Amino acid sequence: MSGAAQIVAGLILALAGWLIPRRIAGARGLGVAALLDAAPLAFVAAVLFVASGRPVFAGAVAFALGAGFAFADRTLRDTLREPVVFTALSELPQVFTHPQLYLPFAGTGTVLGSAAAALLAGTVLLAAEPSVVAPHPRLALFAALAVAAALWRLGHEPWLGRTARRLRRLRPSGAPFADAVRLGPVAMPVAHGIIARAERPARWAALAAPALRGERAAARPIVLVQCESFFDARRALPGLPRDLLAGFDAACADGMHGRLTVPAWGANTTRAEFAVLTGLDEAQLGYDRFNPYHALARRPLASQVWRLRAAGYRTICLHPFDRRFFRRDLAMPALGFETFLGRETLGGGRRPPYRSDPELAGDILRVLGEAGPRTFIFAITMGNHGPWFSEDDGLAAYLAGLRRSDEMIGLLVRGLGRRRDDTLFGFYGDHLPSLPRVFARLGFDDWRSDYAIWGAGRDEQRDIAAHELGRWLADLALAAGNNAVRDAVVAETHGA
């Protein structure tokens with residue numbers, strides 16, 4: 001192959017690496033947005049060409065990166081009903097530290113096999129392809145470092161604000177699907193990420209946690225459980241036994257309950273978690289709504305946790321898993337938790353089977369007994385975490401885990417009832433399980449999970465949003481001993 005043919009082949013490969021993810025996203029149009037969309041792959045190809053003098057090798061690497069991005073984007077669209085967004089970069093290290101939570105969505109064998117094949121092909125090309133120009137690895141390194149320095153500078157004022165203003169001229173809507181079409185699947189997360197970073201200082205100021213005043217209002221103990229992938233599956237599968245969720249039904253029979261509108265489907269637990277704990281809806285978070293723990297919740301933020309702490313509560317979070325996952329080790333103190341107990345204290349494995357939900361119920365009751373009555377416990381379960389590998393077996397595995405979650409609810413209802421201290425028990429599902437083919441076959445497309453507040457004083461059903469749940473629970477707890485206030489809170493939550 002002549003040098004000219006090598007260059008043409010390299011350009012075709014790099015161009016294909018750019019066009020494949022655009023086809024997945026349905027992106028169209030040229031102009032500034034298209035240039036921004038192409039820039040990362042073009043830079044990679046250019047640097048590798050300068051470093052090696054081998055255009056086919058450089059183009060092949062760009063193609064592999066583009067195809068890999070397209071594969072990830074398609075997988076997320078199919079399994080989580082969302083394209084790649086800018087906060088996905090913060091989760092990339094977790095693919096290596098907790099691969100069992102990510103790779104099975106796309107097929108572990110497919111991912112590892114494709115990566116190995118790409119690495120082998122790249123190595124062969126690098127060794128076999130003759131260079132068409134003299135390699136300049138030092139020049140390539142200098143260019144890479146210069147671009148890295150420029151990007152670092154763009155992340156700080158005044159350049160950050162100027163760049164964000166220019167990107168806003170591209171009129172991003174903030175809706176990932178629509179912006180992937182208008183801007184491109186690569187340009188969309190780049191634009192969203194820069195604008196989010198520019199807006200974040202103002203959002204930190206607006207949402208900063210207030211100073212603690214040490215007020216000690218009348219109060220009730222609170223237990224709030226976020227249950228992984230929980231929803232009343234009888235809504236989707238009417239043929240399931242009516243007593244499948246006996247514990248959940250018992251909780252509903254003595255309190256508020258209903259459907260819970262959550263901000264994500266199939267994953268992205270932190271969205272519902274943040275909404276419940278803070279009382280903030282997505283409109284108040286801007287682009288940080290895609291993962292508030294990515295950067296926003298790194299400073300103390302106003303929340304129901306801080307509110308309860310100001311009222312004299314001990315605030316304790318339990319999660320039988322790696323406390324650093326999703327950077328909860330930073331986010332939970334910023335949201336107001338004094339104590340955060342992970343698997344190093346509670347037990348539970350890094351891989352399935354995790355600590356079961358019934359075992360976590362025992363942990364909750366034990367910690368509440370040790371901490372005393374003026375305590376708020378927030379527990380994040382791990383027992384019924386996906387992925388669920390195949391359609392039928394996956395559904396069976398999910399339902400088996402759902403029964404164990406319901407067993408946990410029953411244990412807590414009975415255990416808290418024996419305490420006789422008027423404990424409030426809130427419970428909700430963070431999102432529906434990622435079983436897209438099962439739901440498609442059933443014709444079920446309701447994104448809402450389910451919730452209950454046991455001990456609320458009346459059996460009523462009301463559908464609410466995730467950001468309302470934590471606030472209502474705190475309102476009810478702080479109205480203890482004042483029946484008029486309690487009735488007013490209940491009436492407000494029920495639209496009376």
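1. Leaving out residues up to four places away in sequence, Leu-80 touches Thr-75, Phe-105, Trp-265, Gly-266, Ala-267 and Ser-434; a contact here means heavy atoms within 4.5 Å.

2. Before going on, the ground rules. This is a predicted model, with local features needing pLDDT of at least 70 and side-chain atom pairs counting only at pLDDT 80 or more, while totals for chains, interfaces and linings use all residues. Numbering runs from 1 along each chain as its sequence is written, and side-chain values use heavy atoms, with hydrogens and water left out.

3. Where is Leu-80 placed? Its place is in helix α3, residues 55-80. Helices (H or I, at least four residues) and strands (E, at least two) are DSSP runs, numbered from the N terminus. Leu-80 has a relative accessible area of 12%, so it counts as buried; the cut-offs are under 20% for buried, over 50% for exposed and partly exposed in between, with a 1.4 Å probe and protein chains only.

4. Strand β7 (residues 449-454) is worth a look too: six of its six residues are buried. Ser-449, Tyr-451 and Ile-453 point one way, Asp-450, Ala-452 and Trp-454 the other, and all are buried.

5. What does β7 pair with? Strand β2 (residues 255-261) pairs with β7 in the antiparallel sense over six bridges, and Met-256 has Ile-453 of β7 as its bridge partner. Strand β6 (residues 424-429) also pairs with β7 in the antiparallel sense, over four bridges, with Phe-425 opposite Trp-454. Pairing requires that DSSP finds at least two bridges between the two strands.

6. Zooming out, the protein has 20 helices and nine strands. Its radius of gyration is 25 Å, close to the 23 Å that the globule rule gives for 496 residues, so the protein is as compact as a globular protein of that length. That radius is taken over C-alpha atoms, and the rule is 2.2 Å times the number of residues to the power 0.38. Along the principal axes, the C-alpha atoms fill a box of roughly 85 × 50 × 40 Å.

7. Take the contacts between residues at least 6 apart in sequence: 79% of them join residues at least 24 apart.
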